[in-house]
Amino acid sequence: MATQGYVQTSLIWVAYAAAIILALVVASITTFTWQTPRDRSALVSTVAIISLTALLATVFLLPVDIALVSSTTSTALGAKKEWATPPRVDNILLTLKIVYYSLYSLDALLCLLVIPFAYFWYEEYDEVEEQEGNQTVGSRLWGAFKYTIAFILLVVIIFLVGFFVPAAGNREGKHFDLDFFKRLLDENHGEKALTFGVGLLMTLGTLLYIFYTGAGLALFPVSFIKSAPSVSAPQLWENTASQLEQNRERQRQLEMRNAGRSDGMPAKDRRELEALAREERTLVRRERLAAEAQGEGRSFVVRAWSKFCAVFRPLKLIGGLLLVVLALLIWASMLITGIDKAVNSVCKEHCGYILAHINVFQPMNWLFVQTARAFPVDYILMALLILLLFSSSISGVAAIGIRFLWLRIFQIRKGRTAPQALLIATVMIALMTLGINYAVAMMVAPQYASYGTQTFCDLPPRHPFEIPDCSETPEAVKPCSEWAENNASRWHRNTQQTCTPTVMSTFLNRITLNWAVFGAIDFWAQFAFLAVFLVVFLTALFRTPRLNMGDVDEEAEADEEEGLLASTGRRFGATWQDITGRAPKRGNAANGEGYGSAEAS
């Protein structure tokens, strides 16, 4: 039996290693897809990839945590398995705690120190100074470090506040007599400092998560349905080249017709020539955009991703409908959990509305509890859920941009994101990921995230210091909750606890209990998230996509690409052309008619 326990836990950790590899792939694709190829920095790309990978690894640890604590208990009997002795369980929890604390510390350092240093390192670069030999690596390091000192002081202040300031949680009340709450209050000063720092970052991330992830979760599935291109990149390039050739030929005709005139070019011809010159500049930009859309000048990862998207484009409509259903299911589950916690939480705002046991049917929690019996099905579903919320956050950042109140500071666009914008967006996504971590564990599937599939036998033991036996009375087997240990203590005082809360839920509950203001903000922010999602979803669902061909200034390139490559007709022909890289031979293509004949008016 001991060997079986080692094999099971080893398989769970192997699955986690595979998830980290998946996180690295997702982080690399995200970074290379969004950053601009013309202004790329190796340090910025590396920092962004490492930061996103560390954040996803932190969130992916939740299903591992759940699987490990669930594996120690027999669901049918409501008792610990023979191999799950107290030392073995404590060893599993210690390993999880070390990994969690290491990842959370790494996430905090990346957000507060490493990413700001990389930002200032990039800003310190001066091409002219470097060519003249006035700027060295040492001077850039010192310049970046000077500005990073402020962030170092911020980290020290946060740590000292968490280390010395007493926890703000209200510890009075009968609910604090439970062993569940006593353990949450049992921590050393180092853990208290870490919980304060992570709690502060998580609360800031939750405020961003309200608007960006809420809007992104509504827009991301709808974009799958409405974003199939009507014009393929090869067809756009061919039609634009044809129009450009006709434009230049017409300019030559006008210049030759008026070459020998002594009184100069007539006003009518001069106005036409000026209009043709403006149109030529627009067509040149479109031609360059079409070439970039085909992958010219892009990295291999971006080109491969574009081909992959083109191959599976016909399935995007079905995938979008399924994602809409899933998003609505998540929304309904979070609403049910929020109302249940607000009404039935034992300690209300004093502990962040802790409630591990759901009193009403909650679809997402039920789905995870049922699939957890067939590991790794629940792990795969949890990974997909995390990737959905992560992708929704990116979609929200791309749609809203980086703003200060109503002022847009940076735009986030595929292939056109500046390094500074990429680093700021990485920090925002990092904070939002902490908010997603709280939402998944506390709102989407709280009972599953707290105890997994663990159960306990709610019967008195036959003899003192024995484990209760429910082999003949399966109806006495009940799911674990924060009340389970108190109920079990009525019957026996055995040192071997049946219900073991996950390390993630213990850590998050410790934050909300010791720092009640964080718990209250994080909890009520979920209702604001639900409201933002509902408003944006209804707006996006009934709003007709519009083409944007009007901007010809600084942002003309990105707007023209979006307008020409993002509408809803002639999908399948464009898909095949993007896959093959060739445009069809059409008679009207040479005349500048068809898909790509849109005017730049």
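Modeller: Happy to! Let us begin with a salt bridge (a side-chain nitrogen of Lys or Arg within 4 Å of a carboxyl oxygen of Asp or Glu): the side chains of Arg252 and Glu249 meet in one, at 2.5 Å from N to O. This is a predicted model, in which local features need pLDDT of at least 70 and side-chain atom pairs count only at pLDDT 80 or more, while totals for chains, interfaces and linings use all residues. Residues are numbered from 1 along each chain as its sequence is written, and side-chain values use heavy atoms, with hydrogens and water left out.

Why are Arg252 and Glu249 separated by about one helical turn? Because they are three residues apart in helix α8 (residues 233-257); helices here are DSSP runs of H or I with at least four residues, strands are runs of E with at least two, and both are numbered from the N terminus. Arg252 has a relative accessible area of 42%, so it counts as partly exposed; the scale calls a residue buried under 20%, exposed over 50% and partly exposed in between, using a 1.4 Å probe and protein chains only. Glu249, at 35%, is partly exposed too. In general, side chains of opposite charge can pair when their charged atoms come close.

Helix α8 also takes part in a bridge to another helix. Arg250 forms a salt bridge with Glu272, with the closest N and O atoms 2.9 Å apart. Arg250 lies in helix α8 and Glu272 in helix α9 (residues 267-293), so this pair ties together parts that are 22 residues apart in sequence. Arg250 is partly exposed at 28% relative accessible area, and Glu272 is partly exposed at 26%.

Next comes the pair of Asp269 and Arg257, whose closest N and O atoms are 3.0 Å apart in a salt bridge. Here Asp269 belongs to helix α9 and Arg257 to helix α8, twelve residues apart, and the pair links distant parts of the chain. Asp269 is buried, with a relative accessible area of 10%, whereas Arg257 is partly exposed at 48%. The structure holds four salt bridges, among them the ones described here.

Now for the wider setting. The chain has 20 helices and six strands, and buried residues make up 49% of its 601 residues. Take contacts (heavy atoms within 4.5 Å) between residues at least 6 apart in sequence: 82% of them join residues at least 24 apart.

The largest one has 95 residues, and Phe60, Leu62, Tyr100, Met334 and Leu385 touch the most other members. Helix α14 (residues 419-444) gives the largest share of this core, 15 residues. A second, separate core of eight residues includes Val47, Ala48, Ile115 and Leu422. Tyr100 touches Thr58, Leu61, Leu62, Asp65, Val503 and Met504, leaving aside residues up to four places away in sequence.

Leaving aside residues up to four places away in sequence, Asp378 touches Phe368, Thr371, Ala372 and Tyr448.

Terms used
A nonpolar core is a set of buried Ala, Val, Leu, Ile, Met, Phe, Trp, Tyr and Cys residues joined through side-chain atoms within 4.5 Å.
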